[in-house]
Amino acid sequence: MASLKELKDRIGSVKSTQKITKAKQMVAAAKLRRAQAAAEAARPYAERLSGVMASLASKVSGDSAPLLLRGTGSDKRHLLVVVNTDKGLCGGLNANIVKAAKAKARELIADGKDVTFYLVGKKGRAPIKRDYADKIEKHFDTSDVRQPGFEEADAIAEDLLERFEKGEFDVAHLVYPIFQSALAQDPTVDQLIPVPSPEGEGTGGHAVVEYEPGEEEILEDLLPRYVKTQLFGALLEREASEQGASMTAMDNATRNAGDLINKLTIQYNRSRQAAITTELVEIIAGAEAL
Amino acid sequence: MALHFELVTPAKLVRSEDVHMVVVPGAEGEFGVLEGHAPFMSTIRDGAVQVYKTEGAAPETIEVRGGFAEVGENGLTVLAEHVEG
């Protein structure tokens with residue numbers, strides 16, 4: 001049986017933990033709203049861009065298509081771009097992203113492909129390093145900026161495209177969480193390079209569109225932008241997912257701490273009463289002995 | 001009837017309005033777009049997009065960097081990576 005003092009200290013420490021988790025939850029809730037708004041604001045650009053891509057890609061095909069669209073012709077070396085968060089305290093989010101990435105890696109390795117990792121965000125490093133220490137190509141650090149924006153997406157895309165042009169990999173996949181709700185963030189694997197030809201509705205596919213300078217030149221200009229937009233979208237989704245997951249996790253933690261405090265308080269009161277009773281019994285026994 | 005003009009960046013939808021004419025700095029020279037322009041697509045160079053709200057009015061200039069312009073049935077859409085001002 002723990003002493004009264006010990007119990008009291010324990011209650012105090014759980015209380016201060018609860019304060020922290022509660023504060024973090026409220027911060028996450030406020031940030032989530034902002035992150036969601038940012039993700040929504042970015043949608044029109046991505047939609048327009050893929051619409052234009054669809055209409056262009058259907059016109060340019062075969063050997064004249066740029067390298068980014070048609071690929072290097074082989075699919076031996078795969079690069080997994082894994083987008084993790086920089087901060088913890090967000091429940092199982094990072095574990096789920098890493099799990100999805102590892103599953104994809106295993107699948108590719110089983111098919112006899114080479115897999116390398118390109119990690120964005122701090123929290124994916126340790127768990128992936130544990131299994132694939134020699135396969136990690138690069139860490140991209142986003143922890144020193146407060147809110148990752150287009151500049152970061154730009155920098156990542158430039159780096160990836162450079163590596164692609166040097167022929168360091170054939171296919172790149174993007175692993176990132178898609179924000180469904182504060183309760184659900186699904187890790188997703190999308191092909192990033194070569195750019196998968198968008199399907200379906202080409203905007204104004206029936207009209208004769210004039211191109212300046214030409215279809216291919218525009219497409220060549222457009223494809224890197226498309227990759228950039230994908231990465232930017234992934235960063236925004238990550239931001240929203242992180243805050244959502246964090247909010248839920250911290251809500252749970254706050255509630256658990258509350259339960260624990262209740263339990264400990266009951267235990268504390270019981271021991272206190274027991275101590276009082278023992279004291280009384282001792283006094284009475286002493287008085288009777290006289 | 002007027003030209004529907006949209007200016008979009010990755011971060012947000014900057015403009016969405018009906019205007020008289022827009023002059024876009026295309027990669028191969030500036031071009032003006034009026035209502036009913038034929039479908040057209042062009043990359044743009046860094047420069048100023050001039051928006052004429054009404055005929056003969058003084059243009060409003062918006063500096064854009066990197067992107068392209070598309071003219072379709074539903075007007076002119078300029079996708080730019082950066083917009084200043």
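Two strands pair if DSSP finds at least two bridges between them. Helices (H or I, at least four residues) and strands (E, at least two) are DSSP runs, numbered from the N terminus. The model is predicted: local features need pLDDT of at least 70, side-chain atom pairs count only at pLDDT 80 or more, and totals for chains, interfaces and linings use all residues. Residues are numbered from 1 along each chain as its sequence is written, and chains are lettered from A and ligands numbered from 1 in the order in which they are written.

**View 1. The open sheet of chain A.** Five strands of chain A, in the order E3-E2-E1-E4-E5, form an open sheet with mixed pairing. Strand E3 (136-140) and strand E5 (185-193) are its edge strands, each pairing on one side only. Direction ignored, neighbouring strands are turned by 20° against each other on average. Within the sheet, strand E1 (residues 77-83) and strand E4 (residues 171-179) of chain A run parallel and are joined by five bridges. A:Val81 has A:Leu174 in E4(A) as its bridge partner.

**View 2. Helices H2 and H7 of chain A.** Helix H2 (residues 43-57) packs on helix H7 (residues 215-289) at an angle of about 145°, and their axes are 10 Å apart (axes are lines fitted to C-alpha atoms, for helices over the stretch in contact, and angles run from 0 to 180 degrees between N-to-C directions). The residues of H2(A) that meet H7(A) include A:Tyr45, A:Leu49 and A:Met53; among those of H7(A) are A:Ile218, A:Leu222 and A:Tyr226. By class, this contact has ten nonpolar, two polar and two charged residues (Ala, Val, Leu, Ile, Met, Phe, Trp, Tyr, Cys and Pro count as nonpolar, Asp, Glu, Lys and Arg as charged, and the others, Gly among them, as polar).

**View 3. The side of chain B that touches chain A.** In this interface, 21 residues of chain B are in contact with 22 residues of chain A (in contact: C-beta atoms, placed from the backbone, within 7 Å). Strand E5 (40-44), strand E7 (60-72) and strand E8 (75-84) of chain B each give two or more residues to this side. The largest share, four residues, comes from E5(B). Eleven nonpolar, six polar and four charged residues make up the side of chain B that touches chain A.

**View 4. The strand pair between the chains.** Strand E6 (residues 210-212) of chain A runs parallel to E5(B), and three bridges join them. Opposite A:Glu212 stands B:Ser42 in E5(B).

How values were computed. Two residues are in contact if their C-beta atoms, placed from the backbone, lie within 7 Å.
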